[in-house]
Amino acid sequence: MTGMGLDYATGLSAPCTVIRMRAIPGAWHRTAAGAGLVGPDGTISPTIFAEMSALAADTGAINLGQGFPDEDGPAAVLDAARAAIAAGANQYPPGRGIPDLLLAVAEHQHRFYGLALDPGREVLITAGATEALAATLLALIDGPDDEVVVFEPHYDSYAAVVALAGARLRTVPLRWPDFQPDLDELRSTVTDRTRVILVNDPHNPTGAVFGQEVRDEVVRLAERHDAVIVTDEVYEHLVFDGAHVPIATVPGASERTLTISSAGKTFSTTGWKIGWVSGPAALVDAVLAVKQFLTYVNGSPFQPAIAAGLRLPDEFFTGIASTLRDKRDLLGAGLRAAGFAVSTPRGSYFTVADAAPLGATDAAAFCRELPRRAGVVAIPLTAFATPERRAGYATLVRFAACKRVAVLEDAAARLAAAG
Ligand SMILES: Cc1ncc(COP(=O)(O)O)c(C=O)c1O
């Protein structure tokens, strides 16, 4: 590929490892650009998660960057997957998912939220929430006149998939320290061009849990502008005060809402990639039309295991929230002791801290330095923001609390020693 133009930097730290690919046509370029991975000189960078995880590996730093647990989830779920492999669940499952998991998702939505779903028509199993989001957005948006409204900062796949679909991302900023949206800004961003309002609650990267007034306004605006609401609720069981409330439960919402979630965060099985989307049959069918040509199906032996997980007793679900709440408190106290200002998250794996009191002016530079300075890896919030809005997050850093207590204690001690 040498000599073709655009530089594709495949090396994580070595700028010399470059594939030149300007002449390769296709949607890959706008996808990478949508995710903010194309530099001013045309160089394509790895994601910040790849860069920071590589830095953690290079330096031996504690990785509080990427959001995955360092402990296994419930033994009953892991055992069920082993049993399913032994029992021969090793070939393609049905396109929508195995009936027992479809039923378990429907039962779960009813048990926790009072939502009634027809498991055969209103639930679809996907390769994680990531595929559910991609298939849903690709199914519902179509070209430059369509807009998707999201809160910002946001999970990185949203902007990439909206760009892949050739549509336009419109964002509503969430501001330090509570990261709740301004409803007037939300109202002025949703228009008749809005095809989808995409809401991630509990929210990555900020840890915000949105108030009822936000849910109500999203539904009112979706009705007024005939938009579909898509939710990303992968942290639904990691809410620290009170219960999670899906937007689909707001009156008027269920007929226009696709609810997305996944097993990864709830059962500490992020590598299994079992997710689901649920909602009105016609919308689920539209998602299936795309999804069946992305992966078709996945995770045969994991599907019955997640069905078992979704049927675990209430104590399991309250237990994971309270364990993570304790870890949040431990991490928050450590960050404060090290001199950061801290926004207390109300859900999710993550805590956002302001490094300005430590003299930081550029969160990305601060995070590149932190592994060597303190032996800890974190992610700058600017990585979750569009370039125009990055200034609003310039000194903010995201830390993941989903690690063993001893690891969090070690990280807190290292940060305090370096501060
Ligand atoms: C907000 C959000 N949505 C979706 C995902 C991806 O979920 P999955 O691993 O099920 O694809 C993540 C993972 O970090 C996330 O934080």
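This is a predicted model: local features need pLDDT of at least 70, side-chain atom pairs count only at pLDDT 80 or more; totals for chains, interfaces and linings use all residues.
The axes of α5 and α10, the latter spanning residues 281-291, come within 8 Å and cross at roughly 105 degrees. Angles of 65 to 115 degrees count as roughly perpendicular, and α5 and α10 are therefore roughly perpendicular to each other.

Helix α5 also has a part in the ligand site. Running over residues 128-140, α5 gives the largest share of the shell around the ligand, 3 residues. The shell has 14 residues, and those that come nearest to the ligand are Gly128, Ala129, Thr130, Asn204 and Ser262. As for its make-up, the shell around the ligand holds 9 polar, 3 nonpolar and 2 charged residues.

Next comes helix α4, made up of residues 99-113. From its first C-alpha to its last, this helix of 15 residues reaches 21 Å, close to the 21 Å expected at 1.5 Å a residue. An α-helix has 3.6 residues a turn, so residues three or four places apart point the same way. In α4, the buried residues are Leu101, Leu102, Ala104, Val105, Ala106, His108 and Gln109. Just after α4 comes Gly114, with a positive phi of about 75 degrees.

The backbone has a few other spots worth a look. Most residues other than glycine have a negative phi, and most peptide bonds are trans. Against that background, the bond from Glu152 to Pro153 is cis, its omega near 5 degrees. Pro153 sits in the loop that links β5 (147-152) and α6 (156-164). Another cis peptide bond joins Trp176 and Pro177, again with omega about 5 degrees, and Pro177 belongs to the loop between β6 (168-173) and α7 (183-189).

That β6-α7 loop also holds Phe179, a residue with a positive phi of about 60 degrees although it is not a glycine. Phe179 has 21 other C-beta atoms within 10 Å and is therefore buried, since the cut-off is 20 or more. Tyr296, in the loop between α10 and α11, likewise is a residue other than glycine with a positive phi, here near 65 degrees. Its surroundings are another matter: Tyr296 has 11 C-beta neighbours inside 10 Å and so counts as exposed, given that 12 or fewer is the limit for that class.

Finally, there is Val209, placed in the loop between β7 (194-200) and α8 (212-225). Val209 is buried because 23 other C-beta atoms lie within 10 Å. With neighbours within four places in sequence left aside, Val209 is in contact with Asp201, Pro202, Val239, Arg346 and Gly347. Ala321 is 112 residues away from Val209 along the chain, and the C-alpha atoms of these two residues are separated by 14 Å.

Note on methods
Residues are numbered from 1 along each chain as its sequence is written. A residue is near a molecule or strand if its C-beta atom, placed from the backbone, lies within 6 Å of it. Helices (H or I, at least four residues) and strands (E, at least two) are DSSP runs, numbered from the N terminus. Ala, Val, Leu, Ile, Met, Phe, Trp, Tyr, Cys and Pro count as nonpolar, Asp, Glu, Lys and Arg as charged, and the others, Gly among them, as polar. The expected span of a helix is 1.5 Å times one less than its number of residues. Axes are lines fitted to C-alpha atoms, for helices over the stretch in contact, and angles run from 0 to 180 degrees between N-to-C directions. Angles under 35 degrees count as roughly parallel, over 145 as roughly antiparallel, 65 to 115 as roughly perpendicular and the rest as oblique. Two residues are in contact if their C-beta atoms, placed from the backbone, lie within 7 Å.
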